[in-house]
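This report concerns the disulfides of a protein chain and the surroundings of selected residues. Please consult the sequence and the structure shown here.

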Amino acid sequence: AIGAVGLLFLDNKQGKKYLKPSTSIQKKSNDNIILASSSGTTDIQHRPSKKGGDAVGSNSNKEEDGEELQLNAAVDKFETTDTMNASPSDSGNPTPTDMSMEIEHKSRAYPIWIDKQRAVNSNSRPYGWCVSEDLASNVKSPKGLLFVKVHKCSSSTGAGVTLRIQDGLSKRLNQPNQNQTALAHGTCFANYDHATARDLRFEKRDPSQSFLWSIVREPAQRTLSHYFYFDVSSRNDTATEDGIMTVLKFPTHPRPWHPQHNYQSKYLDLPSQNEQSSSSTERIINGYDFLGVSERMEESLVVLAMLAQIPLTDVVIYSSKQSGGYGFATDNKDCVKLEKKWTTPKIDEYILGDYQKANTDDYLLYNAAQRSLDKTIDALGRKRVEENVELLRSLQQQNEEQCASKVTMPCPEPEDEQEKREHIRLVKESCYFSDIGCGHACTDEVLADNGEKEWASILSSSYGQG
């Protein structure tokens, strides 16, 4: 089991070992705590424990959460002691070294999509995953740009990015006088619905005509956000310590949007005839073309663009949900205030102990995804990725400065009925649907020159030929 001691990793850059906690707690002077995941830190309001069932009031913490958790904090590094290097432990339980070896074994560097295809078939064409809806409609062999939208794992961002890629690439590949990457007709089909990979039969996809990706998140953070969004904000209910503990301890509801132990592993798993000989983490890491990490969103989006060989402008998007702001209720009809999540010492202690033990699959998947992201960055060239992250930040800033006043978000709605009708009309123009990809037309206009330059560069490279 992965306990509170965290996981042992090897720092490739410095050649030394350090402890990367799966979740550790550090006190801060303002009495907030930091829940430190293996990629960085997330501020959560720290509250004194209440008696069972007592409500805890709102907090003033400035954490931005919701589905769009986009943190890029530096990783806390800890020197390890000699006692951590023993393997296996006397008790028979895995040591940090055991766990780091398993994560290293199950992780991989994701290849550039067209490189992978040409290793099998030298005649493979770029963007073979960009197929029309007619071709993608074969449920026996799913095709297209396939995004598995896991609840509370930056799924609105992922869906928006998927639609921007679909929109941008469809327009480019259908332009006249393009090379042989052009589509015969139609647009790139994309999946971005909330449904499990198993329900979507993605284990039967055609790898040569599909690009499958998703986003994972630190498991405890995802469960807490799930509770505060579905059980508190959407129902206009009051959060309690007992309510949080119940969701953490007994997530047994069969509905896919309700928390379960190892929720992400179950949601993303690709069934196999050899399930007994492989773990869900292996099937997911090896079966997807890319897994992003919510807490490392900028790096993840840059790597996604580089693997798919698309302009960075296609992954520039507005955040649709932030805690303390507004979002849709579960029926996507009514706007609700998004409550900020909080914990108590009792909750923190449970997360660091029994919760992690009950969710070992998710923690293994999360850390393997982290390590795979690092391996992919190294394979693509760390300096090149870092430069592209800076470019993405610049594009995001341009987008926000020039489009902020032109974007109409669904929430909050005006109270006046006539104003509300006009607001709904503007939202339909601004967003792809619901609160997904809002402001995309303005983004395309503002970043058009950048997109054209990037696309020309891609087409002139070996990746744009075929």
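In this predicted model, C442 is buried, because its relative accessible area of 10% is under the 20% cut-off. Its disulfide partner is C403, which counts as buried at 0% relative accessibility. C403 lies in helix α12 and C442 in helix α14 (residues 440-446), so this pair ties together parts that are 39 residues apart in sequence.

A search of the whole structure finds four disulfides. With bonded cysteines counted along the chain, their pattern is 1-2, 3-5, 4-8, 6-7.

| Pair | S to S distance | S-S torsion |
|---|---|---|
| C335 and C411 | 2.0 Å | about -85°, left-handed |
| C403 and C442 | 2.1 Å | about -90°, left-handed |
| C431 and C438 | 2.0 Å | about 100°, right-handed |

The disulfide between C335 and C411 links distant parts of the chain, 76 residues apart: C335 belongs to strand β11 (residues 335-337), and C411 to the loop between α12 and α13 (417-430). C335 is partly exposed at 24% relative accessible area, whereas C411 is buried at 15%. In the pair C431 and C438, C431 is buried at 4% and C438 at 3%.

Helix α12 (residues 382-403) also holds Q396, a buried residue with a relative accessible area of 15%. Beyond its neighbours within four places in sequence, Q396 is in contact with V315, V316 and I317.

L312 is placed in the loop between α9 (297-308) and β10 (326-328) and is buried at 3%. Apart from neighbours within four places in sequence, L312 has contacts that include V302, A305, L391 and L395.

Terms used. Residues are numbered from 1 along each chain as its sequence is written. This is a predicted model: local features need pLDDT of at least 70, side-chain atom pairs count only at pLDDT 80 or more; totals for chains, interfaces and linings use all residues. Side-chain values use heavy atoms; hydrogens and water are left out. Helices (H or I, at least four residues) and strands (E, at least two) are DSSP runs, numbered from the N terminus. Buried means under 20% relative accessible area, exposed over 50%, partly exposed in between (1.4 Å probe, protein chains only). Contact means heavy atoms within 4.5 Å. A disulfide is a pair of cysteine sulfur atoms within 2.5 Å.
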